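Hello,

Here is the structure I promised to pass on to you. Have a look at it first, and then read on for what turned up.

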Amino acid sequence: MINLIKKLQIISIILIINSSSFALTSSSFLISQSAYENYDYSSSLLNFDIDEVNLSEDSLLDKAIAAIITEDIDLASKIAKNILTQDKNNAEALIITAASFYKEEKFNKIIELRKNLEQPSEVLEFIFFSNNTLKNVDTISRALVEIVSSSYSNNEQRRLNYNFLLFYISLAKIIDTENDRAIIIKAELFDQVGQHQVAVDIYKQVNKKNIFYLDAQNNLARHYLFNSSYEEAEVQIKSIVENNNNNYSLKRVLADFYRYNKKFDLALKIYDEMIKENQDDLWNIYYMRGICYERKDNWELAEKDFLKSLELQPGTPNVLNYLAYGWVERDIKLDRSLKMLEEAYKANPDSFYIIDSLAWAHFKKNNLSEAARLMEKVIDIAPGEAISLDHLGDIYYAMNRKREAIHFWQQALELAEPEDEITEDVQSKLDNINAG
């Protein structure tokens with residue numbers, strides 16, 4: 001199993017364009033290749049006819065993968081047959097062929113395919129066989145899901161090969177059309193690669209009998225939250241909540257939607273309702289409500305909610321950070337804030353938000369060298385973070401490194417977004433220096 005997952009981690013697609021190796025026009029090939037690389041599998045197969053083109057093995061494999069992801073196993077099987085004439089042990093072509101035989105209930109053909117291999121196929125064995133016996137539909141489909149889930153959970157997102165993840169999860173769905181988990185994972189993967197409409201179409205097809213139905217509704221609501229206009233998102237998310245009996249998790253998406261869009265009163269109304277329901281994530285709802293109060297400049301209520309959140313879930317890094325930073329900004333409870341931020345940093349040392357807060361606490365305590373060291377680390381991690389650039393300017397100015405302070409304030413001014421709410425303050429600091 002370890003070797004199998006390793007194979008998925010290191011496998012990559014190499015597309016080599018050789019004008020003599022295929023009959024398609026260069027423009028058609030480039031369009032198809034571009035569509036494939038952008039996870040638009042249907043477009044990558046447009047005008048493709050296996051009987052009329054002559055492609056390299058790598059290019060054929062791309063087509064076979066695209067065919068499986070679009071769930072056209074007949075086309076994929078034809079392509080796989082062509083691949084196997086060039087490479088009898090091509091793992092993906094073998095899996096496609098075996099899957100096609102399985103769908104046609106030609107079980108002896110799978111056993112024959114296995115016997116005729118020049119060398120054993122670890123992937124074929126894992127998916128289709130157990131103790132030299134052919135697995136049943138459910139077990140085969142679950143094995144394919146396991147390949148995807150194991151690879152997905154043990155890799156950084158940026159290193160994942162989504163073409164192969166979608167290939168294996170689509171095979172799981174083809175083998176067992178009732179595999180609820182495969183359906184939802186396929187939609188989530190399409191969401192990950194930016195093919196949101198494809199994901200939405202899959203989410204909408206998940207019926208209420210599916211054990212992952214509410215997950216699909218939740219993901220659908222979050223799709224509208226992040227990818228639609230305010231008006232459309234509000235209508236769609238409210239509709240999803242109402243159609244699902246005001247389900248708690250879906251109601252939270254609506255509250256988060258209002259919070260993201262700075263409609264804090266609307267968000268607060270929902271968070272208030274959710275607190276009364278007293279669910280397991282109560283600590284987080286207090287945290288979210290506290291953020292709304294803080295954004296409405298009601299620090300007294302925000303502070304109470306952050307403290308209540310920490311009472312329910314002690315040591316939560318983000319809550320420690322938000323509360324402590326609020327105190328630091330107000331020049332109160334600095335010693336306690338510093339200890340809380342050190343605890344948060346220890347729990348989450350890669351968060352530049354927490355490092356920024358810790359640096360700012362040291363600045364307020366006049367520990368300027370440590371403040372500069374930490375804030376410089378923030379800038380290394382997130383060089384475009386305007387608030388941190390402004391903070392570093394303040395620290396350097398306090399250290400009498402005025403030229404460097406001006407440089408970072410200017411950068412902060414150039415990169416600041418309206419929601420950062422620092423433009424006027426930074427401009428004022430620069431104006432004062434120029435006036436001096």
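Which residues of α14 are buried? Please keep in mind that this is a predicted model. The buried residues of α14 are Ala233, Glu234, Ile237, Ile240 and Val241. They sit on the same side of α14, because the arc they cover around the axis is only 140 degrees. Glu231, Val235, Glu242 and Asn243 are exposed on the other side of α14. As for neighbours, the buried residues of α14 pack against α13 (213-227) and α15.

The length of this helix works out as well. Helix α14 covers residues 230-243, and at 1.5 Å a residue its 14 residues should span 20 Å. The C-alpha atoms at its ends are 20 Å apart, which agrees. After α14 comes Asn245, which has a positive phi, near 55 degrees.

The largest pocket holds about 1400 Å³ of space. It is lined by 35 residues, and those closest to its centre are Glu294, Arg295, Tyr322, Tyr325 and Ile387. Sorted by class, the lining of the largest pocket has 16 charged, 12 nonpolar and seven polar residues.

The second largest pocket has about 380 Å³ of space. Of the 16 residues that line the second largest pocket, Lys81, Leu84, Thr97, Phe101 and Leu113 are the closest to its centre. The elements that give two or more residues to this lining are α5 (73-86), α6 (91-103) and α7 (107-115). Here the lining divides into seven charged, five nonpolar and four polar residues.

Ser43 lies in helix α3, residues 41-44. Is Ser43 buried, partly exposed or exposed? Its relative accessible area is 27%, so Ser43 counts as partly exposed, since that class runs between the 20% limit for buried and the 50% limit for exposed. Ser43 and Ala93 are 50 residues apart in sequence, and their C-alpha atoms are 21 Å apart in space.

Enjoy exploring, and write back whenever you like.

Best wishes

How values were computed. Residues are numbered from 1 along each chain as its sequence is written. This is a predicted model: local features need pLDDT of at least 70, side-chain atom pairs count only at pLDDT 80 or more; totals for chains, interfaces and linings use all residues. Side-chain values use heavy atoms; hydrogens and water are left out. On a 1 Å grid over the protein atoms alone, a cavity is a set of points where a 1.4 Å probe fits but cannot get out, and a pocket is an open set with protein on both sides within 12 Å along at least five of seven lines; lining residues have an atom within 4 Å of a point. Grid points are joined across faces, edges and corners, and a volume is the space filled by probe spheres set on the points. Ala, Val, Leu, Ile, Met, Phe, Trp, Tyr, Cys and Pro count as nonpolar, Asp, Glu, Lys and Arg as charged, and the others, Gly among them, as polar. Helices (H or I, at least four residues) and strands (E, at least two) are DSSP runs, numbered from the N terminus. The expected span of a helix is 1.5 Å times one less than its number of residues. Buried means under 20% relative accessible area, exposed over 50%, partly exposed in between (1.4 Å probe, protein chains only). The arc is that of the directions from the helix axis to the C-beta atoms. Contact means heavy atoms within 4.5 Å.
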